[in-house]
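Dear colleague,

Please take your time with it, and then compare what you see with what I found.

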Amino acid sequence: MKVLVTGGAGFVGSHLIEELLVQGHEVVCLDNFTSGKRINLEPFKEKITLIEGDILNLKDVQAALEDVESVYHLAAQISVTQSVRNPLHDASININGFINILNTILESSVKRIVYVSTGGAIYGEPLHIPASETTPEEPISPYGLSKLVGEKYLKWFNATHGLSYAIIRPANIYGPRQDPLGEAGVISIYLGRMLNKKPLEIFGDGSDTRDYVYVKDIAAICTAAMASHVDDTYNAGTGIQTSLNELVEIIGEVTTLPIRKVFKPPRPGDVKKIALDITKAKKILKWTPQTTFNTGIQNTWDWFKNTH
Ligand SMILES: NC(=O)c1ccc[n+]([C@@H]2O[C@H](COP(=O)([O-])OP(=O)(O)OC[C@H]3O[C@@H](n4cnc5c(N)ncnc54)[C@H](O)[C@@H]3O)[C@@H](O)[C@H]2O)c1
């Protein structure tokens, strides 16, 4: 099948492309390299079609969709902090860019789309953890809001034009290729700082929790959701809460290096505690995350040591 991955030069997109190539698909990647990197595509660049372009540009999107049967939409502004600083920029990419994709799909051969939304930022501060897909969506950041609006547009295109879809709501994704210098992705930021012997910055008192899921497991749920043919929404995490203090301890164990911590005030837009209930994905998609936290952190640390 010919498939398009938007944001394919990014952290998650490049792992998804690898998985799609293993499954024998013909892959087109649309990316403007704002946060994506050419080196992420290096291992398989001869095997894909790269359209260097913007999801906001109609011609770029038309070119990327030529003869494509299914789309994985990952291109996005992904930083919560950046979205608080500049909500207009966040909305232009995450909402307008996505509408441009959806609208252009209507004139194409595309049958189904998988939209990578967010589970970490869409529920805000839920009353009950782990949050399930029926937990009210109450995002507290422009990023969470723009991803939610994207979901609502997708459902409108489904209801009005019959576009088949699956929505994936991932928790905090980590793994090789995640940018250690970005503002999202605390594990890669910490491992990058460990490598450079810098202190680890903790925003708040370290009791905030996240649900960390390995990037290969997210690639797997995306392809499972594409294959399912059901129009539905799935959380994708582990269901396990890990506090920042616990994370720092695990990082100390894996790297076997001394840790220095610096405590800073909490950042606006960051939720305090979150983990996702993945019962639905287990039942309907027969998906469960395969990578234990220690193995995932070890793989990521090995990658850092080999590439930085
Ligand atoms: N990383 C996480 O923890 C996490 C968690 C939940 C959801 N997600 C979602 O997963 C997806 C991928 O995130 P990631 O962590 O790989 O981020 P990333 O920044 O590495 O990837 C995003 C990609 O989109 C591209 N892009 C951005 N704006 C574009 C535009 N206007 N036109 C074309 N390409 C553009 C970037 O160059 C980059 O390659 C995003 O939709 C994000 O919201 C990520």
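To begin with something you can look up yourself, where is the place of proline 130? Proline 130 sits in the loop that runs between strand 5 (112–116) and helix 6. Please keep in mind throughout that this is a predicted model. The peptide bond that joins isoleucine 129 to proline 130 is cis, with an omega of about 5 degrees.

A second detail of the backbone is found at aspartate 67, whose phi is positive, about 60 degrees, although this residue is not a glycine. Aspartate 67 also belongs to a loop, namely the one between helix 3 (58–64) and strand 4 (70–73).

Next comes the ligand, which is surrounded by 28 residues, and the closest of these are Asp31, Ser35, Leu74, Tyr143 and Lys147. At least two residues of the shell come from each of helix 1 (11–22), helix 6 (142–161) and strand 7 (172–174).

At isoleucine 55, a backbone N or O atom is 3.0 Å from a nitrogen atom of the ligand. On its own, the ligand has 830 Å² of accessible area, and the protein covers 95% of this.

Finally, I looked at how some of the helices pack. When two helices pack together, the pair is described by the angle between their axes and by the distance between those axes.

Helix 1 packs with helix 8 (residues 215–228) at an angle of about 60 degrees, and their axes are 9 Å apart. These two helices are therefore oblique to each other, and their crossing is right-handed.

Helix 11 (residues 293–307) takes part in two further pairs, which I describe in turn. The axes of helix 7 (residues 186–195) and helix 11 come within 10 Å and cross at roughly 50 degrees, which makes helix 7 oblique to helix 11. The crossing in which helix 7 passes helix 11 is right-handed. Helix 9 (residues 244–255) packs with helix 11 at an angle of about 60 degrees, with the axes 10 Å apart, and helix 9 and helix 11 are therefore oblique to each other as well. Here too, helix 9 passes helix 11 in a right-handed crossing.

Definitions and conventions:
Residues are numbered from 1 along each chain as its sequence is written. This is a predicted model: local features need pLDDT of at least 70, side-chain atom pairs count only at pLDDT 80 or more; totals for chains, interfaces and linings use all residues. Side-chain values use heavy atoms; hydrogens and water are left out. A residue is near a molecule or strand if one of its heavy atoms lies within 4 Å of it. A polar contact is a pair of N or O atoms within 3.5 Å; within protein, one must be able to donate a hydrogen and the other to accept it, and residues adjacent in sequence count only if both atoms are side-chain atoms. Accessible areas come from the Shrake-Rupley method with a 1.4 Å probe; for residues, only the protein chains shown count as cover. Helices (H or I, at least four residues) and strands (E, at least two) are DSSP runs, numbered from the N terminus. Axes are lines fitted to C-alpha atoms, for helices over the stretch in contact, and angles run from 0 to 180 degrees between N-to-C directions. Angles under 35 degrees count as roughly parallel, over 145 as roughly antiparallel, 65 to 115 as roughly perpendicular and the rest as oblique. A crossing is left-handed if the near helix is turned anticlockwise from the far one by less than a right angle, and right-handed if clockwise.
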